[in-house]
Amino acid sequence: MAKSRCFCPDGPTLFHNGAAGDSTCMECGVVLSENALVSEITFGETSRGAAIAHGTLVAEGSKWVVDVEEEAGDPGTNIGRVRIAQVATAMGIPDTIRESALRFYKLAVAARFTKGRRSRLVVAACLYAACQHAQFGYMLIDFSDLLQINVFVLGATYLKLIKVLHMPRPYAIDPAHYIARFAALLEFGDETPKVAHDAARLVKRFRADWMDTGRRPAGICGACLLLAARMNNFRRSVQEIVQVVKIADQTLIKRLEEFKNTGSSALTIEQFRDDTQWLPEEVEAPPIIKEQERKKIRMSKRKRKREEMDDDAEGSVSLADGDADADGEAESALGEA
């Protein structure tokens, strides 16, 4: 900021020019102060006729200058911002994830990913990517149900988005992240935290028994919530669990049958809730070891069956040779007679 001195006998009569950022004396014309930083916002026009803001912005507490020459009438970004806010509000997504989704959407606009695609598909894909990045418990089918779009089309759009934006491949979220939300939807009342705690312990036991390996988290959550509800004397049917976690009933029954075959299923409720009564984690073998054992059993059965068939074939050949010898001896005896 540059300052000058005014020598008018009656003192300076100031005129402040906000656009230029300077103050001038009306009597002698001396520029008393000059400031390059102004609070007024000026606008210009691009070659396409869109309005843009000129200048730079220094945010509060920031040490850097940010360029604000952004198109004020960018339809893609504005539509994305509004629709992200609508979907996030309907699903109860926090503001931090909304901001992350908006940044993904701006990158998608810059990469021309929105060309030829419905905005709600891109918005849902950006929100799901933000939820995945923050390990927030929402599934792809939740966005599909809310927006009434095909879950497979939405999944294909999401995979293309992370490929265009060079994001890491999606990874499975811990099933425990879904437990609290699913438990609230099942309406356990004041016992919801207790049921969710038991379900989370069941998820931990499932992981110790290698039951979550290669399985989608929704099936694990459904089985754990059904067991936790029965542990707390709540009658929740398989159909109620299926409607909440959005899986097939056969998937849920399969997870329950797998848990029935583990040693943990023989524990009582008091033993399961007591950490000292838990079975060691190595009590169950990993699925790949079990598959190798089953393969060895199948190979041994095939080998045994093949050996039995070979023995039967050799016995048949020896009987046929014996019959042929007997016929030959009978013919020779007749010839001598």
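This is a predicted model: local features need pLDDT of at least 70, side-chain atom pairs count only at pLDDT 80 or more; totals for chains, interfaces and linings use all residues.
Biologist: Why is Lys246 called partly exposed?

Modeller: Partly exposed is the range between buried (under 20% relative accessible area) and exposed (over 50%), with a 1.4 Å probe and protein chains only. Lys246 has a relative accessible area of 30%, and is therefore partly exposed, and Asp145 is placed in that class because its relative accessibility is 36%.

Biologist: How do you know that Arg255 is buried?

Modeller: Arg255 has a relative accessible area of 10%, so it is buried, and Glu258, at 16%, counts as buried too. The side chains of Glu258 and Arg255 meet in a salt bridge of 3.1 Å, N to O, and both residues lie in helix H10, three residues apart, about one turn of the helix.

Biologist: What makes Asp95 and Arg98 a pair about one turn apart?

Modeller: Both lie in helix H2, three residues apart, and their side chains meet in a salt bridge of 3.6 Å, N to O. An α-helix has 3.6 residues a turn, so residues three or four places apart point the same way. Arg98 counts as partly exposed because its relative accessibility is 22%.

Biologist: How do you know that the reach of H2 is close to the one expected?

Modeller: Helices here are DSSP runs of H or I with at least four residues, and strands are runs of E with at least two, numbered from the N terminus. The expected span is 1.5 Å times one less than the number of residues. H2 (residues 95-110) has 16 residues and reaches 23 Å from its first C-alpha to its last, close to the 22 Å expected. Its buried residues include Ile97, Leu102, Phe104 and Tyr105, and just after H2, Arg112 takes a positive phi of about 60°.

Biologist: What makes a set of residues a nonpolar core?

Modeller: A nonpolar core is a set of buried Ala, Val, Leu, Ile, Met, Phe, Trp, Tyr and Cys residues joined through side-chain atoms within 4.5 Å. Of the 34 residues in the largest one, Ile93, Leu127 and Phe143 touch the most other members. Helix H1 (75-91), H2, helix H3 (119-133), helix H4 (140-147) and helix H5 (151-164) each supply at least two residues of this core, and H3 gives the most, with eleven. Apart from this core lies another, of 33 residues, among them Val203, Ala218, Ile220 and Ala229.

Biologist: How many helices and strands does the chain have, and how much of the chain counts as buried?

Modeller: The chain comes to twelve helices and eight strands, and of its 337 residues, 33% count as buried.

Terms used: Residues are numbered from 1 along each chain as its sequence is written. Side-chain values use heavy atoms; hydrogens and water are left out. A salt bridge is a side-chain nitrogen of Lys or Arg within 4 Å of a carboxyl oxygen of Asp or Glu.
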